[in-house]
Structures are given as C-alpha cells and as structure tokens.
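Student: I would like to learn how to read a model of this kind, one feature after another. Where do we begin?

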Amino acid sequence: MFGEGGYSTRTADASQIYVLRASPKPEGFGAVTAWHLDARNPSALSIATRMELRPNDNVFIQEQPITTLGRALDQFLPSLVNVGLDAANG
C-alpha cells in the first residue's frame, strides 16, 4: 500500500485502516475476513509490513471527521445560498 503512494494524511484517518478479504472457498460465500490497522501505532506498522495484500483485497481508509464535515458543508451551503437568492429575487 505504501509502495503505491500510500494515502493522504490530510484527509484519511490513519487510525482507521481496514483490509477486507473475501473467503476463497465457495461454501464460504459472503464470508469476509477484516483486519484493522491503527497506523498511528509504530508496533502495529511493524506487524503490517509482514502482511501481503492479495488480488481482490479491498483496502478501506476512513476519512478524517473534519473531511466528512467539509464534504457535508460543500453540499449544503450552495443549496442554502440558492434558497436565499431565490427568496431575495422573489
């Protein structure tokens, strides 16, 4: 993961990294193994370097709470401004 550019420390929450792997057995359809990595913890990073990602693994990194708020505001504020403009134009 880090060899391919890593993740944005500005928008990603390093304490909430997950690797999701589906069961390779047909009878385990829908079974998923999930690993959680807190990349703020140096000992966890040393263990993570030994884990090999496989094809079809999914890596999910939670965004920072402030990023979530920023996205919500980006979607909310333009509509609020438009409502104000519509009311002013009557």
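## Reading the model

Tutor: We begin with strand 2, which covers residues 32-37 and contains Trp35. Keep in mind throughout that this is a predicted model.

Student: What is the order of the elements from the N terminus on?

Tutor: The elements run β-β-α-β-α. That gives two helices and three strands in the protein.

Student: How do the strands pair?

Tutor: Pairing is read from the bridges between strands. Strand 1 is joined to strand 2 by six bridges, and these two strands run antiparallel. One of the residues to look at is Ile17, whose bridge partner in strand 2 is Leu37. Strand 1 also pairs with strand 3, by five bridges and again antiparallel. On that side, Ala12 has Glu63 in strand 3 as its bridge partner.

Student: What should I expect of the side chains along a strand?

Tutor: In a regular strand, side chains alternate between the two faces of the sheet. For a case here, take Asp13 and Ser15, both of which are found in strand 1. Their side chains are joined by a polar contact of 2.7 Å.

Student: Are Asp13 and Ser15 buried or exposed?

Tutor: The cut-off for buried is under 20% relative accessible area. Ser15 has 7% and is therefore buried. Asp13 is also buried, because its relative accessibility is 15%.

Student: How many salt bridges does the structure hold?

Tutor: There are two. In one, the side chains of Asp57 and Arg21 meet at 2.7 Å, N to O. This pair links distant parts of the chain, 36 residues apart: Arg21 is in strand 1 (residues 12-22), and Asp57 is in the loop between helix 1 (42-48) and strand 3 (58-63).

Student: Are the two partners, Asp57 and Arg21, buried or exposed?

Tutor: Asp57 counts as buried because its relative accessibility is 15%. Arg21, at 13%, counts as buried too.

Student: Where is the other salt bridge?

Tutor: It is formed by the side chains of Asp38 and Arg40, at 3.1 Å, N to O. Here the accessibility has to be read residue by residue. Asp38 is partly exposed, since its relative accessible area is 23%. Arg40 has 60% and is therefore exposed. Asp38 and Arg40 have already come up, among the contacts of Ser15.

Student: Which residues form a nonpolar patch on the surface?

Tutor: The patch consists of Trp35, Met51, Leu53 and Val59, with about 320 Å² of accessible area together. A residue needs over 30% relative accessible area to belong to a patch. Trp35 has 34% and so counts as partly exposed.

Student: What is the accessible surface of the protein, and what share of the residues is buried?

Tutor: The accessible surface comes to about 7,200 Å², and 58% of that belongs to carbon and sulfur atoms. Of the 90 residues, 16% are buried. Among the buried residues are Ser15, Asp13, Asp57 and Arg21.

Technical notes: Residues numbered from 1 in each chain as written. Predicted model: local features only at pLDDT ≥ 70, side-chain atom pairs only at ≥ 80, totals over all residues. Heavy atoms only, no water. Patch = residues over 30% accessible without salt bridge, like charges linked within 9 Å, V, L, I, M, F, W, Y side chains within 5 Å. Areas by Shrake-Rupley, 256 points an atom, 1.4 Å probe, with all protein chains shown as cover. Salt bridge = Lys/Arg side-chain N within 4 Å of Asp/Glu carboxyl O. Helix = DSSP H or I, 4+ residues; strand = E, 2+ residues; numbered from the N terminus. Buried < 20%, exposed > 50% of the residue type's maximum accessible area, 1.4 Å probe, protein only. Polar contact = N/O pair within 3.5 Å; in protein donor to acceptor, adjacent residues only side chain to side chain. Contact = heavy atoms within 4.5 Å. Pairing = 2+ DSSP bridges. Lists of a residue's contacts leave out its neighbours within four places in sequence.
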